Amino acid sequence: MLLTGESGTGKELAAHALHRDSPRRGGPFVPVNCATIPPASIERELFGQALGDAGAARDGLFVYAQGGTLFFDEIGDLPLPQQSSLLRVLEDRLARPVGSEQEIPVDVRIVAATNRPLADEVSAGRFRADLYYRLQVVEI
């Protein structure tokens with residue numbers, strides 16, 4: 001699901017309402033602002049990290065959102081490599097923590113929001129067309 005509109009028009013409020021009035025209302029609503037996460041940290045934030053030399057294992061936002069809604073605010077700011085990773089999770093419903101060989105099943109609904117015309121971003125090569133069409137099934 002894709003929510004579009006200018007900044008300040010209540011896209012996150014709409015996402016909360018969609019979550020609250022859905023069968024997933026008993027699960028968590030987990031927002032993530034794609035514009036504020038450093039590109040080097042995005043995959044760790046989304047998918048988590050396996051125990052390794054870099055420190056302790058940690059769950060990612062897909063795990064925290066299990067059974068609920070993961071809200072991607074400013075999805076247009078997600079870098080292309082991470083768009084590919086997100087698309088794979090949407091298609092396979094499996095996420096692989098950074099540094100792990102094991103994939104974990106994920107059961108989340110994705111709601112994304114943007115203040116950019118993503119069709120223009122696709123045309124300019126800054127947003128993956130396949131991810132756009134996957135999100136844009138329902139556009140509000």
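**View 1. Histidine 19 is buried in this predicted model****.** The relative accessible area of histidine 19 is 6%, and because buried means under 20% relative accessible area, histidine 19 falls into that class. The residue belongs to helix α1, which covers residues 11-20. Leaving aside residues up to four places away in sequence, histidine 19 touches Arg24, Arg25, Gly27, Pro28 and Phe29, and also Gly68, Thr69 and Arg109.

**View 2. Four strands form an open sheet with parallel pairing****.** The order of the strands across the sheet is β1-β6-β3-β2. The edges are taken by β1 (2-4) and β2 (29-33), each of which has a single partner strand, so that one side of each is left without a neighbour in the sheet. From one strand to the next, the twist averages 20°.

**View 3. Strand β2 runs parallel to strand β3****.** Five bridges join β2 to β3, the latter made up of residues 69-73. Within this part of the sheet, proline 31 is placed opposite phenylalanine 71 of β3.

**View 4. The largest pocket has a volume of about 200 Å³****.** Its lining consists of Met1, Phe62, Val89, Leu90, Arg93, Val106, Val108, Arg109, Ile110, Arg134 and Leu135, and Arg109 is also among the residues that histidine 19 touches. At least two residues of the lining come from each of α4 (80-92), β6 (109-114) and α6 (129-135). By residue class, the lining of the largest pocket divides into eight nonpolar and three charged residues, with no polar ones.

Definitions and conventions:
Residues are numbered from 1 along each chain as its sequence is written. This is a predicted model: local features need pLDDT of at least 70, side-chain atom pairs count only at pLDDT 80 or more; totals for chains, interfaces and linings use all residues. Side-chain values use heavy atoms; hydrogens and water are left out. Buried means under 20% relative accessible area, exposed over 50%, partly exposed in between (1.4 Å probe, protein chains only). Contact means heavy atoms within 4.5 Å. Two strands pair if DSSP finds at least two bridges between them. Axes are lines fitted to C-alpha atoms, for helices over the stretch in contact, and angles run from 0 to 180 degrees between N-to-C directions. On a 1 Å grid over the protein atoms alone, a cavity is a set of points where a 1.4 Å probe fits but cannot get out, and a pocket is an open set with protein on both sides within 12 Å along at least five of seven lines; lining residues have an atom within 4 Å of a point. Grid points are joined across faces, edges and corners, and a volume is the space filled by probe spheres set on the points. Ala, Val, Leu, Ile, Met, Phe, Trp, Tyr, Cys and Pro count as nonpolar, Asp, Glu, Lys and Arg as charged, and the others, Gly among them, as polar.
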